[in-house]
Amino acid sequence: MGPEIIATCSVAVRELVSRLQALDYPVDPMLVACVDVDNAIAALEESGTGVPPALAEVWRQIGGISLVDLDHYRHMAFWEERLGGDGGVFACDGVVVEAPNDEAWIGYVLDLFDEQADIGQTPGFPISPDALHKDNTSGGGPYEIVPDGGDPWMASLREFSWNAPVRPTSAPPGSAPDLVSYLRTAILECAGFPGLLGTAGFEPLRRELTQGLPVF
């Protein structure tokens, strides 16, 4: 595991985004390059909490990712039309990885660290709204990446669960995958939308979107 895996992940994510764009998927931009990422990481690490290397590499090589429209939720109409009212969907749960592209986000994370410390919780980096918030519904707290002191590359997701009608076959046991395992399953098996896996309306498109993506 290392930067070379994230490099392949970057190729897969960019190809998936290109395929979604070809379908006129109404989210733009889906990728935003990080500016001054090393300075941003240094500012975050002034708190004493190191940025997990997998997350840092995603920021460096891919940037921020958002396969849902968190401002206007235009993706919801797209999936409603594509899925034909499939009743098994909890939320599309499109992949989002927030990135330190402005001082306000860095300040938000540092404030969150303080709140986590106040309740005796291990610091975690918020990377995404939960599945319900992504679809404009009140839900829980954000998905967070929690550093792993034993193996920094194995920092895992907190406040996460696989909510699709079918659990991905490539998902590791439990509901706290490390970041690379999460992205591997979410991109290569779920075509970027883990919440839609197992729905009849999504399956043909899922196969089309994931066909031949580079494995990482």
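Reader: Leaving aside its neighbours within four places in sequence, which residues is Glu144 in contact with?

Author: Contact means heavy atoms within 4.5 Å. By that rule, and leaving aside neighbours within four places in sequence, Glu144 is in contact with Leu112, Gln116, Gly124, Phe125, Pro126, Ser156, Leu157 and Arg158. Before we go on, please keep in mind that this is a predicted model, where local features need pLDDT of at least 70 and side-chain atom pairs count only at pLDDT 80 or more, while totals for chains, interfaces and linings use all residues. Residues are numbered from 1 along each chain as its sequence is written, and side-chain values use heavy atoms, with hydrogens and water left out.

Reader: Where is Glu144 found, and why does Glu144 count as buried?

Author: Helices (H or I, at least four residues) and strands (E, at least two) are DSSP runs, numbered from the N terminus. Glu144 is found in strand β5, residues 143-146. For accessibility, buried means under 20% relative accessible area, exposed means over 50%, and partly exposed lies in between, with a 1.4 Å probe and protein chains only. Glu144 counts as buried because its relative accessibility is 6%.

Reader: Which side chain has a polar contact with that of Glu144?

Author: A polar contact is a pair of N or O atoms within 3.5 Å; within protein, one must be able to donate a hydrogen and the other to accept it, and residues adjacent in sequence count only if both atoms are side-chain atoms. Here the side chain of Glu144 is joined to that of Gln116 by a polar contact of 3.3 Å.

Reader: What does the side chain of His75 reach?

Author: The side chain of His75 reaches the backbone oxygen of Lys134, at 3.2 Å. You will find His75 in helix α4, residues 75-83. His75 is buried, because its relative accessibility is 0%. Apart from neighbours within four places in sequence, its contacts include Tyr25, Pro26, Val27, Cys92 and Asp135.

Reader: Now for pockets: how much space lies in the largest pocket?

Author: The search uses a 1 Å grid over the protein atoms alone: a cavity is a set of points where a 1.4 Å probe fits but cannot get out, and a pocket is an open set with protein on both sides within 12 Å along at least five of seven lines; lining residues have an atom within 4 Å of a point. Grid points are joined across faces, edges and corners, and a volume is the space filled by probe spheres set on the points. In this model, the largest pocket holds about 450 Å³ of space.

Reader: Which residues of the lining lie nearest the centre of the largest pocket?

Author: Pro29, Val32, Ser66, Leu70 and Asp71 lie nearest the centre, out of 22 lining residues. β1 (31-32), β2 (64-66) and β3 (96-97) each supply at least two residues of the lining, and β2 gives the most, with 3 residues. For residue classes, Ala, Val, Leu, Ile, Met, Phe, Trp, Tyr, Cys and Pro count as nonpolar, Asp, Glu, Lys and Arg as charged, and the others, Gly among them, as polar. The lining divides into 12 nonpolar, 4 polar and 6 charged residues.

Reader: What kind of peptide bond joins Asp28 and Pro29?

Author: Most residues other than glycine have a negative phi, and most peptide bonds are trans. Asp28 and Pro29 are joined by a cis peptide bond, with omega about 0°. Pro29 lies in the loop between α1 (3-22) and β1. Asp24 lies in the loop between α1 and β1 too, and its phi is a positive value near 60°. Asp24 counts as exposed because its relative accessibility is 64%.

Reader: How many disulfides are there?

Author: A disulfide is a covalent bond between the sulfur atoms of two cysteines. The rule here asks for a pair of cysteine sulfur atoms within 2.5 Å, and by this rule the count comes to 0 disulfides. For Cys34, the nearest cysteine sulfur, that of Cys9, is 14 Å away. Cys190 is in no disulfide either, and the nearest cysteine sulfur, that of Cys92, is 12 Å away.

Reader: Is Ile41 buried or exposed?

Author: Ile41 counts as buried because its relative accessibility is 6%. Ile41 is found in helix α2, residues 37-45. Ile41 touches Val51, Ala56, Trp59 and Arg60, not counting residues up to four places away in sequence.
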